[in-house]
Amino acid sequence: MESAKEIWERVLGELQLQVSRANYITWLKNSYGVDCRENIFTVGVPNAFIAEWLTKRLHSLVRKTLAQLLGRDIDVQFITHYQEPKQKGSLVFANQTDGGTSTKTRLHNFNPKYTFDDFIVGDCNRLAYAAATEVAENPGHAYNPLLLYSSTGQGKTHLLHAIGHRAMDNGLQVIYISAEQFTNEFVLAIKHGQINDFFSKFKSIHILLFDDMQFINDKKQTRQCFFQIFNELYDNNCQIVIATDRHPKDMLLLSNKLKSRLECGLITPIQPPDFETRLSIVRANAKELMVRSSDEMLCLLAEQITDNVRRLEGALIYLTAQAKLTGMELNPQTINRLLTSTANKQDKELIIQAVAAYFSLSIEELAGRNRDRKTSLARQIAMFLMREEGNYSLTEIGKALGDRNHATVVYGCKKIATEMSVNDKLCRRISELKGKIHPSEASTKEC
Ligand code: ADP
Ligand code: MG
């Protein structure tokens, strides 16, 4: 019989698909199954605050998911039952003591693929790479704060994680937090009168890695809170590394005080990769994915996709999936055609219709509030396809799918892109859907 721990791990797998990444990390990630009785399932969480939040906000979703997995109705309770999480290779943690009365452990699971060794250096990112390695080795000394900025998909998050890995190897305490997650935690801390606890999380760390800072640009209170934490850390010689999609001078709402603090450090852009860098990246990807590919194909890819490394990676996966699933031979003509087709704008409605039909959902359901597994997956696939196939903006995609916000769309697209590299079934589904969106191409065997 499955233990409570095993059952809960399966439940967490399902819940990951149904709640936002920030909520998953903040509230669910460190929970575990404690006990499974006839009528009640007990979940242990690190503190009473989390137990209360889960009881208020996620009780019915968790109960439903659990019932689906067990095939029977069962209630669920969250209890404070702290267990030191086991440290494994890629888990980075920062321990902070709160006036000696309590110890909180914050875990972060850095992406094992986002290391310095896996980062391809070219003229476009040399300075950012050098600065990132320097602050990882000598935090708080050379460039503080370090701010990396670029358009999306140029390796900012990769470098933040790489700093985290290196700092972890050196035994340092690190917090990686996205601005969205920071905002969520801050808002909840205010609501529950736990603001001191929130601030104390950031005490006694060596490095703060703050991702997607643009997210707080228009959030006044969060900006003020960040500024306060920033100042305290800075005064204590803690290294601060910030990633953002634009230069601080273009974040109009940021206070001049914070801007001038940021300017005291190093602000470094990452440019879109040049041809040589793109080719090296795509070669490294092909090797990692164990894709059999000619150098001609890789050169074509690197020539045609110029703006975004994420798209480059996606295109390689797409082409190899097409070749595998349709038996199409990848030659310069077919590659050109496939790549051109992905670059063309597609009708949003067409994508939504195709995805809804594929998952036997109505368009209203796809754009609705239901977050069961099938609907959530279908919705995330629709987001991904609109982004990849139609090149629609995040706002347009959010609007087309029931007025969802920017962060939800980013999360959905990322989730599918990541999952595709390890999940053949998903690749097949996406490829079938693309065939439906471009029917003429799917049926053409040769150019
Ligand atoms: P950003 O945070 O700037 O939007 P990411 O760090 O998420 O971009 O990068 C998108 C994808 O491209 C990731 O899979 C990342 O590993 C990869 N990537 C970006 N730049 C490089 C690079 N120079 N070398 C290797 N991989 C890269
Ligand atoms: Mg990023």
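Is Asp73 buried or exposed at 55% relative accessibility? Asp73 counts as exposed, where exposed denotes over 50% relative accessible area, buried under 20%, and partly exposed the range in between (1.4 Å probe, protein chains only).

The structure examined is a predicted model, in which local features need pLDDT of at least 70 and side-chain atom pairs count only at pLDDT 80 or more, while totals for chains, interfaces and linings use all residues. Residues are numbered from 1 along each chain as its sequence is written, chains are lettered from A and ligands numbered from 1 in the order in which they are written, and side-chain values use heavy atoms, with hydrogens and water left out.

The mean pLDDT of the protein (the predictor's confidence in each residue, from 0 to 100) is 82, and 89% of the residues score at least 70. Secondary-structure elements are DSSP runs numbered from the N terminus, comprising helices (H or I, at least four residues) and strands (E, at least two). The pLDDT is below 50 over residues 82–108, a stretch that has 66 contacts in the model beyond near neighbours in sequence, a contact being heavy atoms within 4.5 Å. Residues 439–447 also stay under 50 in pLDDT, and the model has eleven contacts for them beyond four places in sequence. Where pLDDT is low, the predicted coordinates should not be read in detail.

Salt bridges were assigned where a side-chain nitrogen of Lys or Arg lies within 4 Å of a carboxyl oxygen of Asp or Glu; the count comes to 13. One of them joins Arg63 to Asp73, with the closest N and O atoms 3.3 Å apart. Arg63 belongs to helix H4 (residues 59–70) and Asp73 to the loop between H4 and strand S3 (75–80), so the bridge ties together parts ten residues apart in sequence. The relative accessible area of Arg63 is 29%, which makes this residue partly exposed. A second pair, Arg126 and Asp123, meets at 2.9 Å from N to O; Arg126 is partly exposed at 44%, whereas Asp123 is exposed at 63%. In a further salt bridge, Asp295 and Arg283 are 2.7 Å apart, N to O. This pair links helix H12 (residues 295–304), which holds Asp295, with helix H11 (residues 275–288), which holds Arg283, across twelve residues. Both partners are partly exposed, Asp295 at 38% and Arg283 at 37%. Shared partners join Arg63, Asp73 and Asp75 into one salt-bridge network.

Nonpolar cores were defined as sets of buried Ala, Val, Leu, Ile, Met, Phe, Trp, Tyr and Cys residues joined through side-chain atoms within 4.5 Å. The largest has 30 residues, of which Val355, Leu366, Ile381 and Leu385 touch the most other members. Two or more residues each come from helices H15 (348–358), H17 (373–388), H18 (394–400), H19 (406–420) and H20 (424–437), and H17 gives the largest share, eight residues. Beyond four places in sequence, the contacts of Leu366 include Ile352, Val355, Leu361, Ala378 and Leu401. Another core, apart from this one, has 29 residues, among them Ile175, Ala179, Phe199 and Ile229. In soluble globular proteins, nonpolar side chains tend to be buried together.

His165 is located in helix H6 (residues 156–169) and counts as buried, at 10% relative accessibility.
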